Amino acid sequence: MVNIQSLTFSYQKKKPLFTGLNLQLEAGHIYGLLGKNGAGKSTLLKQIAGLLFPDSGTCEVMGRPSALRQPAFLQEIFLVPEEFYLPKVTVKQYVKVYAPFYPRFDETAFNSYLQEFDIPGSQRLTEMSYGQKKKVLISFALATNTRLLIMDEPTNGLDIPSKSQFRKVIAAAVSEEKCIMISTHQVRDLDNLIDSIVVIDAHQIIFREEVQTVTEKLTFKTVSHLEDTPHILYADTSLRGHTVITKNTGEEHSKMDMELLFNAILKNQSSIREIFR
Ligand SMILES: Nc1ncnc2c1ncn2[C@@H]1O[C@H](COP(=O)(O)OP(=O)(O)OP(=O)(O)O)[C@@H](O)[C@H]1O
């Protein structure tokens, strides 16, 4: 679905953001893109959407170079950016103008997403709060039925009930033909939703694994004493005890803690890399 090879890109000369970055994304998955502030998450998503161009290397979606932004490419990709502008029209007028660009737009689904998010269809977009606008855009994005859906910090600005509604609508929308990529710092918002993790750091993709593989190879648990726990790869100490990641040496099954995993990947990259090699 997405094929990025040896991508090099910089906003400013002598300050490369990506150097020889490689990434492949497949249909049928929901990817969570994680990285520190300034690691280049938004830039990478814009490269995939063809809003920024590689300095060298290639970035293709379904075999088409993103930078060309061909009509057949634009019909199959939707980006929900972190910051966006919506025109001074009602939701209904917005759909009338923008839906025709997407041949598989599903108006019934759109209305049901709006209902799920409690958004009135008759209100003008400019008169809505940031969170309401975001929910309209997410609903529209899902209803386009594009094969690739990219969302940059989609849960920012959503209230507590909307976050679980968000998880519900995304989980319902994914299919074997679709690929969804979500960048976020709000890892708890993506719990139980994403099935693959992508971490960007130091100009490269440093980790890309399915959640199932992560839990096969690693164990996430809370322990009282670090000394009694073998194969620790990363530990985080709090009042509740030590939350740790250990090598999964048996058939142990644990639930992945994305925040812990992210910290472990950044702090103990070589050991983690060794395990997933
Ligand atoms: N238009 C621009 N011109 C110059 N530099 C930019 C521009 N946009 C982003 N950058 C720089 O590129 C780097 C990556 O920015 P980007 O927004 O892609 O990071 P991010 O991982 O999405 O960060 P955050 O988590 O803070 O949203 C940052 O150092 C940023 O300052």
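1. Let us begin with a term. The radius of gyration is taken here over C-alpha atoms, and the globule rule is 2.2 Å times the number of residues to the power 0.38. For the 277 residues of this chain, a compact globule would have a radius of gyration near 19 Å; the protein chain has 20 Å, which agrees. Please keep in mind that this is a predicted model.

2. Next, the overall picture. The C-alpha trace of the protein chain spans about 65 × 45 × 35 Å along its principal axes. You can find 9 helices and 13 strands in the chain. Of its 277 residues, 33% count as buried. Looking at contacts with a separation of 6 or more, 66% are between residues 24 or more positions apart.

3. Which order do its strands take? In this open sheet of 4 strands the order is S2-S1-S4-S5, and the pairing is antiparallel. Strand S2 (15-25) and strand S5 (64-65) stand at the edges with a single partner strand each, so one side of each is left without a neighbour in the sheet. Helix H1 packs on this sheet, where it touches strand S1 (2-12), S2 and S4, and the direction of H1 makes about 120 degrees with that of S1. As a reminder from your course, strands of a sheet pair through backbone hydrogen bonds, either parallel or antiparallel.

4. Let us follow the pairs one by one. S1 is joined to S2 by 7 bridges, running antiparallel, and to S4 by 5 bridges, again antiparallel.

5. Strand S12 (residues 232-238) and strand S13 (residues 241-247) run antiparallel and are joined by 6 bridges. Isoleucine 232 finds its bridge partner in threonine 246 of S13.

6. Most residues other than glycine have a negative phi. Methionine 62, however, has a positive phi near 50 degrees, and its place is in the loop between S4 and S5. Methionine 62 counts as partly exposed because it has 15 C-beta neighbours inside 10 Å. Asparagine 192 has a positive phi as well, about 65 degrees; this asparagine 192 lies in the loop between strand S8 (179-183) and strand S9 (196-201). Why does asparagine 192 count as exposed? Asparagine 192 has 10 C-beta neighbours inside 10 Å, and a residue is exposed if that number is 12 or fewer.

7. Finally, the ligand. Which residues are around the ligand? They are Tyr11, Leu17, Gly35, Asn37, Gly38, Ala39, Gly40, Lys41, Ser42 and Thr43. By class, this shell has 3 nonpolar, 6 polar and 1 charged residues. Helix H1 (residues 41-48) gives the most to the shell, with 3 residues.

How values were computed:
Residues are numbered from 1 along each chain as its sequence is written. This is a predicted model: local features need pLDDT of at least 70, side-chain atom pairs count only at pLDDT 80 or more; totals for chains, interfaces and linings use all residues. A residue is near a molecule or strand if its C-beta atom, placed from the backbone, lies within 6 Å of it. Helices (H or I, at least four residues) and strands (E, at least two) are DSSP runs, numbered from the N terminus. Ala, Val, Leu, Ile, Met, Phe, Trp, Tyr, Cys and Pro count as nonpolar, Asp, Glu, Lys and Arg as charged, and the others, Gly among them, as polar. A residue is buried if 20 or more other C-beta atoms lie within 10 Å of its own, exposed if 12 or fewer, and partly exposed in between; C-beta atoms are placed from the backbone. Two residues are in contact if their C-beta atoms, placed from the backbone, lie within 7 Å. Two strands pair if DSSP finds at least two bridges between them. Axes are lines fitted to C-alpha atoms, for helices over the stretch in contact, and angles run from 0 to 180 degrees between N-to-C directions.
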